[in-house]
Amino acid sequence: MEEKDSEGFDIEKEKMAIRMDSIKNPMLAPVGKHIVSIAAFAPYELFTDGGNTNSHYTEIKEEVAQKIIGVTEKVIPGLSRHIMVRDASTPLTYERMTLNTHGATMGWYLSAKELSTIRSQKTPIANLYQAGHWTFPGGGIPMVIISGINAAKLVLKSMKKFI
């Protein structure tokens with residue numbers, strides 16, 4: 001991801017990714033419902049002013065979120081009418097929650113080759129398992145949650161061998 005300048009930035013012209021992790025893992029949402037996660041990158045500077053949180057942060061965040069939903073409705077018509085719970089995160093949110101510089105969401109850049117060789121959760125050391133964005137199934141907060149669940153299942157499975 002190259003650095004983005006906030007001047008002239010238009011979220012509606014940015015690439016976005018839509019994920020519905022609850023299709024593959026139904027326990028992530030109530031029965032008959034789904035989680036739709038929409039990822040789009042916005043410059044850190046859009047939400048800051050001279051190193052401090054922009055005084056219009058809440059309004060900017062809401063405007064960007066509404067535009068992202070509007071763009072997504074080109075692919076999922078009527079999405080906004082079906083939203084029951086909505087949350088939006090900005091680079092400042094990620095910075096506050098993860099302490100990652102400027103709210104980096106996935107760590108360092110991974111090439112396509114590196115993504116195809118992502119680490120297994122199992123290690124050569126007996127009963128040592130890995131979880132996180134550097135292991136299966138990959139980066140981003142939803143995938144890290146699934147990584148943790150998978151690692152816990154591996155631990156429980158290995159514990160049954162000793163009981």
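Which residues form a nonpolar patch on the surface? In this predicted model, the patch consists of Ile18, Met20, Ile23, Val36 and Val75, with about 400 Å² of accessible area together. Patches are made of residues with over 30% relative accessible area and no salt bridge, like charges being joined within 9 Å and nonpolar side chains (Val, Leu, Ile, Met, Phe, Trp, Tyr) within 5 Å. Accessible areas were computed by the Shrake-Rupley method with a 1.4 Å probe, and for residues only the protein chains shown count as cover. Ile18 lies in strand β1 (residues 16–19) and has a relative accessible area of 35%, which makes this residue partly exposed (buried means under 20% relative accessible area, exposed over 50%, partly exposed in between, with a 1.4 Å probe and protein chains only).

The model is predicted, and local features need pLDDT of at least 70, side-chain atom pairs count only at pLDDT 80 or more, and totals for chains, interfaces and linings use all residues. Residues are numbered from 1 along each chain as its sequence is written, and side-chain values use heavy atoms, with hydrogens and water left out.

The chain contains 6 helices and 4 strands, arranged along the sequence as β-α-β-β-β-α-α-α-α-α. Helices (H or I, at least four residues) and strands (E, at least two) are DSSP runs, numbered from the N terminus. Of the 163 residues, 25% count as buried. The accessible surface of the chain comes to about 11,900 Å², with 58% of this area belonging to carbon and sulfur atoms.

In helix α4 (residues 91–98), the buried residues are Pro91, Leu92 and Thr93. Their cover includes β3 (48–49), β4 (52–53) and α2 (57–72), where contact means heavy atoms within 4.5 Å. Just after α4, Leu99 takes a positive phi of about 65 degrees.

The count of salt bridges is 3, a salt bridge being a side-chain nitrogen of Lys or Arg within 4 Å of a carboxyl oxygen of Asp or Glu. One of them joins Arg86 to Glu62, with the closest N and O atoms 2.5 Å apart. This pair links distant parts of the chain, since Arg86 is in the loop between α3 (79–82) and α4 and Glu62 is in helix α2, 24 residues apart. Another joins Lys67 and Glu63 (3.2 Å, N to O); both residues lie in helix α2, 4 residues apart, about one turn of the helix. Asp21 and Arg19 also meet in a salt bridge (3.2 Å, N to O). Asp21 counts as buried at 15% relative accessibility, whereas Arg19 is partly exposed at 28%.
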